[in-house]
Amino acid sequence: MRNILLQSFLRPPLTEPRPSADDAELLELLGQLRQGVDVFFGGSLSIRQVDAGSCNACELEIHALNNPFYDLERFGLKFVASPRHADLLLVTGPVTESMREALKRTYDATPSPNWVVAVGACALDGGIYAGSYACAGGVSDVIPVDLHIPGCPPSPNMLIKGLLALMTKGRRP
């Protein structure tokens, strides 16, 4: 045990490096996001994240959007606990049979007009779980989807680009 502890002090951390603070692409994306939220939602966008049966990788990337580096709340995007307060549903994972009804009810509880974004490869078509007895398929097999953000898992930058693409389609939900 002592050797393991000693090795953990000598090795560098196994995490990815944090994004650079002067990343021009990210700064431009965040600026565009602020403008999009102002134009389409009057300065505020409420997001309800729904895990329909994922492995949790997409959720980790979504949670990174709230860390001090990305801090989406400063741009008017906030995650809410109730679908009744949401403008957008962010759905991750393949829809399992046990989550099918819950996802439908969540969608029905979201006030119109609303958007649905499917996040990750599994949300598209069920991913590696497609065809399983416990998998109902992708999100679009259960509720209508406005945008799919690919990746396994998509990075926070990809999530921001996806939200921007949704807003710059030139239409409100």
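**Figure 1. Contacts across the whole chain.** Of the contacts between residues at least 6 apart in sequence, 82% join residues at least 24 apart. A contact means heavy atoms within 4.5 Å. The model is predicted: local features need pLDDT of at least 70, side-chain atom pairs count only at pLDDT 80 or more, and totals for chains, interfaces and linings use all residues. Residues are numbered from 1 along each chain as its sequence is written, and side-chain values use heavy atoms, with hydrogens and water left out. The protein has six helices and seven strands. Helices (H or I, at least four residues) and strands (E, at least two) are DSSP runs, numbered from the N terminus. From that end, the order of elements is α-α-β-α-β-β-β-α-β-α-β-β-α. The C-alpha trace spans about 55 × 45 × 25 Å along its principal axes.

Figure 2. The accessible surface of the protein comes to about 9700 Å². Carbon and sulfur atoms account for 56% of that surface. Accessible areas come from the Shrake-Rupley method with a 1.4 Å probe; for residues, only the protein chains shown count as cover. Of the 173 residues, 39% are buried. Buried means under 20% relative accessible area, exposed over 50%, and partly exposed in between (1.4 Å probe, protein chains only). The protein has 15 positive and 18 negative charges, and their mean positions are 4 Å apart. Lys and Arg count as positive, Asp and Glu as negative; His and the chain ends are not counted. The place of a charge is NZ of Lys, CZ of Arg, CG of Asp or CD of Glu.

**Figure 3. Helix 4 and its buried face.** Helix 4 covers residues 97–109. Its buried residues are Leu103, Thr106 and Ala109. Seen down the helix axis, they fall within an arc of 125 degrees, so they line one face of helix 4. The arc is that of the directions from the helix axis to the C-beta atoms. An α-helix has 3.6 residues a turn, so residues three or four places apart point the same way. The face turned away from the buried side carries the exposed residues Arg105 and Asp108. The buried residues of helix 4 pack against strand 1 (45–51), strand 3 (88–92) and strand 4 (95–96).

**Figure 4. Thr106 close up.** Thr106 sits in helix 4. Thr106 counts as buried because its relative accessibility is 16%. Leaving aside neighbours within four places in sequence, Thr106 is in contact with Val50, Pro83 and Leu89.

Figure 5. In helix 3, Cys58, Glu59, Ile62 and Ala64 are buried. The buried residues of helix 3 pack against strand 1, strand 2, strand 3, strand 5 and helix 6. Asn56 is in the loop between strand 1 and helix 3 (57–64). Asn56 is not a glycine, yet has a positive phi of about 90 degrees. Its relative accessible area is 38%, so Asn56 is partly exposed.

**Figure 6. The loop between helix 3 and strand 2.** Asn66 lies in this loop. So does Asp71; strand 2 covers residues 77–79. Leaving aside neighbours within four places in sequence, Asn66 is in contact with Asp71 and Phe79. Asn66 is partly exposed, at 34% relative accessible area. Asp71 is partly exposed too, at 28%. Asp71 has a positive phi of about 40 degrees although it is not a glycine.

**Figure 7. An aromatic pair.** A pair of aromatic rings is described by the distance of the centres and the angle of the planes. Rings of Phe, Tyr and Trp (its six-membered ring) pair if their centres lie within 6.5 Å; planes under 30 degrees apart count as stacked, over 60 as edge-to-face and the rest as tilted. By this rule there is one aromatic pair. Phe69 and Tyr70 form it, edge-to-face, at 5.1 Å centre to centre with 90 degrees between the planes. Phe69 is partly exposed, with a relative accessible area of 22%. Tyr70 is buried, at 7% relative accessibility.

**Figure 8. Two cis peptide bonds.** Most residues other than glycine have a negative phi, and most peptide bonds are trans. The bond joining Ser112 and Pro113 is cis, with omega about -5 degrees. Pro113 is in the loop between helix 4 and strand 5 (115–119). The bond from Cys152 to Pro153 is also cis, with omega near -10 degrees. Pro153 lies in the loop between strand 7 (147–149) and helix 6 (156–167).
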